[in-house]
Amino acid sequence: MSYHDKYEAVIGLEVHAQLMTQSKLFSGDSTAFGAEPNTHVSPITLGHPGTLPKTNKEAVELAIRIGLACNCHIERYNYFARKNYFYPDLPKGYQVSQHTTPICKGGHVTIRTASGVRNVQLNRIHMEEDAGKSIHDIDDNNTCVDYNRAGVALVEIVTEPDLSSADEAYHYVTELRKLVRWLGVCDGNMEEGSLRCDANVSVRLKGETKLGTKVEVKNLNSIRNVKKAIEFEIDRMINVIEQGGTITQQTRSFDASNDTTFAIRDKEEANDYRYFPEPDLPPFRLTETFINDIKDAMPALPEELYTLYHQQYGLSEYDAAQLCLEKETTDYFNEVVKFTTNYKAASNWINGPVRQYVNEHKIAMDSFAVKPQQLAEVMQLIDEGKINFSVASSKLLPALLADGSKAPIQLATELNLIQVSDSNEIENWVAEVIAKMPEKVAEYKKGKKGLIGLFVGEVKKASKGKADPKVVTTLLEQKLSG
Amino acid sequence: MKVTDELIDNLAHLSRLHFSESEKTALKGDFERILNFVEQLSEIDTTGVEPLLHMGDAINVLREDEVKGSVTRQEALLNAPLHDDVFFKVPKVIKNPSA
Amino acid sequence: MFSFSSIEDYVSALQNGETTCEDVVSHYLSVIDSNKHLNAFLEVFADEAAARARQLDQDRNNGKPLGKLHGVVVGLKDVIAYKGHKLSASSKILEGFTSIYNATAVDRLLQEGAIIIGRQNCDEFAMGSSNENSAYGNVLNAADNKRVPGGSSGGSAVAVQAGMCMISLGSDTGGSVRQPADFCGIVGLKPTYGRVSRYGLIAYASSFDQIGIFAKSVADAALTLEVIAGEDDFDSTASKEPVVPYSSLLNSSNYNGAAPKKIGYFKEALEHPGLDPAISQSFNQFLKTLTAQGYIVEPIDFELLEYIVPAYYILTTAEASSNLSRFDGVKYGHRSAVPSEDLADFYKHNRSEGFGKEVKRRIMLGTFVLSAGYFDAYFTKAQQVRNILLKQTSAIFSRFDAIISPTVPTPAFELGSMNNDPIEMFLADIYTVFANLVGIPGISLPLFTHPNGMPFGVQVMTSHFSELALLRISEVFLQISEK
């Protein structure tokens, strides 16, 4: 659509991430997903008369952790506020949130798109409690309410209206999801609702500085849907304007069945939330010690590790990026390279056979049964020429997975996998094969160099797989020349 | 300050309260008197005074992340005006999905 | 025939075998029964209290160690959660509601052997000064049934006044323990904000509320405070300030050195046009008595006196409007039988049918002061005034050991006499709201009798967490004024 050259989009994203604490933000109910309805509730969660909140320390630490990772300023003095409104899934008739004093301010998230590397500016990150769930399709006449989710700790991460395309939004949410998982702050599961995204979208003529009327789009429960919804919305808005209409400020929902959005609140009902400081919760005056302890306990971030792997370990951009997709992978890799300096080999193993295995078996890499040290030993065997990569990955690795109690060298020996690299021995096999196939040898000498593979295969058979293919090839080439 | 019908209506809606016409009339009168009474505060010079946001000196009151204190579903539903032993129920709304 | 004088004497009598908990409970049940017309109790836990009494007697006879409040008969204002028992804030909106947990204060009473005898009537959601705002009928003053007992803890006050229980727990947000104590001629204590856990106290104004104690004597109030006070895992605003053994230190000989105590009184308070002449006269006479006893008594200039009630009403109604949002008929509470057009309508029916007039009025006012456009002029302004008052309080207590005042400008008034004027009702709180605004403890002491026969008292206030000093000086004042 040529209209896109005329207009630019301005997008801001609000992401709600459920914090991975055991208990809720203000009460001791469990936060575990998938429980029977209304079994993770207490008088506090249900807003019973006389109940009071008490803040979960872990939630505060996780909020600070993500703020530090996003280069935010951590607000030393911050407090909770009540956001007053009525809805059945909001037990107290107010949500305890943060209004004028978010715990984190500013900051940015780095994204890499086809156009390059960019920092998406954040406005704030604040803590708040989640609401319960209203289910409309169980009972014809009534809405069913489940308060298991009510009170779960959330952080709300708000960007500046700093994104300019659906593609950027896609990358931002991808990166943010990776980061919160990386930090152990949130499991990032959009289908289960532990990570939710709302988009604020507006369009304006290119070069215009005033912002266009913005529309809020909700119910974006996958990264793909974030992109699709924004794409649709930008197109829709441009069409409206091009046809002479004006954009109504409204809230819209995304329909995943046809990738469109539809209005759910026609007129922006200015909801007066009557925010005021939560009197039941004393303020925070975070100490430097408290924040530094969290800083010290932070894991190395993907960016840092990427730089280390690429620049210091000399891995390719691709290899380094692959390793840095998930914290479990870098954890594993970092352990392996404690026992070896063959970074390239380690990277090949982990991005290759190990990754393949964990994907097939749907496990996390930290559950991979082969210990980093063992993998390093396997790599050592290859470096020493005792075994080749092909045999190691197809035979030794499965054996190790089946029985991790034995050292790789021991297993390799038991399984007769140790290859022969001794030229003298291999010469015998080479001689055997050459003697066996005079016609093929003749063809080779005449120019059919491709036959080398056949000879290597035959030597392999003759040696029952134990001949080091590199040595075999070298010797064959020697013997067959001239 | 003048208390209008519109103000009363807005406040009633925000508070999810309903008043009959006669109640509204009485309320308007009361409100005007009360507001005149509390408006006296504007006579005090509060330049440069920080508002008191929290009572008491406590700061950084936190609890350990432990699972405890939940009640059974039966207890939770004990006082529910309408339930099916699993969910709390609220009459379904045709007009407005959000209040 | 059991006659109660003090908890200490009662426990001795139990230990000497002069009486039993069972007999005592039986006695109180009969007093409650013959005072039904006062409407102090909404519910009496007769069987339960009797069973508990028997158990306590058995425990005592078996040599089990006695709790600090062993066998003490206590009543709870209908805003304090008692697990397995009804809780209604004297409102229709919570009619039939059963609490599924105990208030921390109740847990502590029970741990020390107290017997909870019943749930006491009060103004709806603790909003009122006369107990004429209950959805379950007025409470009558036992000294004169045509007069109010005060409020909002009217039932709790009358229960102790008329000997229906030994101790009552009430709540005090702007004077709701001290004022009815004054009207009923008993001791009423509001602790420092944060001294007693609010977990289990139905919230009216979160930064003002405290559970308070009604008793016949300062000693009994001291002992009860000792039991219920202290930090609490469930209340983030409950202080970590250590709890002093108030009861045992009450009369100990070394009372902070020999220097005479400096007592201050607010000059403007005594010049207040609404102050009853007889009360004024008695109070001024008391000041002279104190001076004669060696106290240094001085007036304090308190120019902001007339502003404390407006500040109080802005802040408390604001907090209340939010605290009462949970009463929506969704998870508990009254649900209307009238079909609703939409969700907003559903809420409006439930809440409008369930809440009384005064509660609705205060919710509306609170919503107003918090709403966009008015927040700065009203709510923020009142918070600034509160800060000024707090600073002034520090200054006052750097010079004075205690502040005294009449507790209420008038003695108990007649039922129905203050119904139409909200401002007049607000102004009745003028001497008591100060302590709630700044968080200091206050006590009402039954020192005098009005020419019209009604009791009235003096209020004493001391600095934050100085309950020991407050209780000690109260003991002395009572002794001084004993004619």
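User: Leaving aside neighbours within four places in sequence, with which residues is Arg108(C) in contact?

Analyst: This is a predicted model in which local features need pLDDT of at least 70 and side-chain atom pairs count only at pLDDT 80 or more, while totals for chains, interfaces and linings use all residues. Residues are numbered from 1 along each chain as its sequence is written, chains are lettered from A and ligands numbered from 1 in the order in which they are written, and side-chain values use heavy atoms, with hydrogens and water left out. Contact means heavy atoms within 4.5 Å. Beyond its neighbours within four places, Arg108(C) is in contact with Val227(C), Ile228(C), Ala229(C), Gly230(C), Glu231(C) and Asp232(C).

User: Is Arg108(C) buried or exposed, and in which helix is its place?

Analyst: Buried means under 20% relative accessible area, exposed over 50%, and partly exposed in between, with a 1.4 Å probe and protein chains only. Arg108(C) has 18% relative accessibility and therefore counts as buried. Helices (H or I, at least four residues) and strands (E, at least two) are DSSP runs numbered from the N terminus. On that basis, the place of Arg108(C) is in residues 104–111 of chain C, helix H4.

User: How many Å apart in space are Arg108(C) and Glu226(C), C-alpha to C-alpha?

Analyst: In sequence, Arg108(C) and Glu226(C) are separated by 118 residues. In space, their C-alpha atoms are apart by 9.9 Å.

User: Which residues does UniProt list for "active site", and where do they lie relative to one another?

Analyst: The UniProt record, an unreviewed entry, lists Lys77(C), Ser152(C) and Ser176(C) under "active site". They span 100 residues in sequence, yet no two of their C-alpha atoms are more than 11.0 Å apart, so they gather at one spot. UniProt positions are given in the numbering used here, feature names are shortened, and annotations may be inferred rather than shown by experiment.

User: What is the phi of Arg274(A)?

Analyst: Arg274(A) is found in the loop between E16 and strand E17 (276–277) of chain A. Arg274(A) is buried, with a relative accessible area of 7%. Although Arg274(A) is not a glycine, its phi is positive, at about 45°.

User: What is the phi of Asp259(A)?

Analyst: Asp259(A) is found in the loop between strand E15 (251–255) and strand E16 (260–265) of chain A. Asp259(A) is a residue other than glycine with a positive phi, near 55°.

User: Why is chain B described as more spread out than a compact globule?

Analyst: Chain B has 3 helices and 2 strands, in the order α-α-β-α-β along the sequence. The globule rule is 2.2 Å times the number of residues to the power 0.38, and the radius of gyration is taken over C-alpha atoms. For 99 residues the rule gives 13 Å, and chain B is more spread out than a compact globule because its radius of gyration is well over that, at 23 Å.
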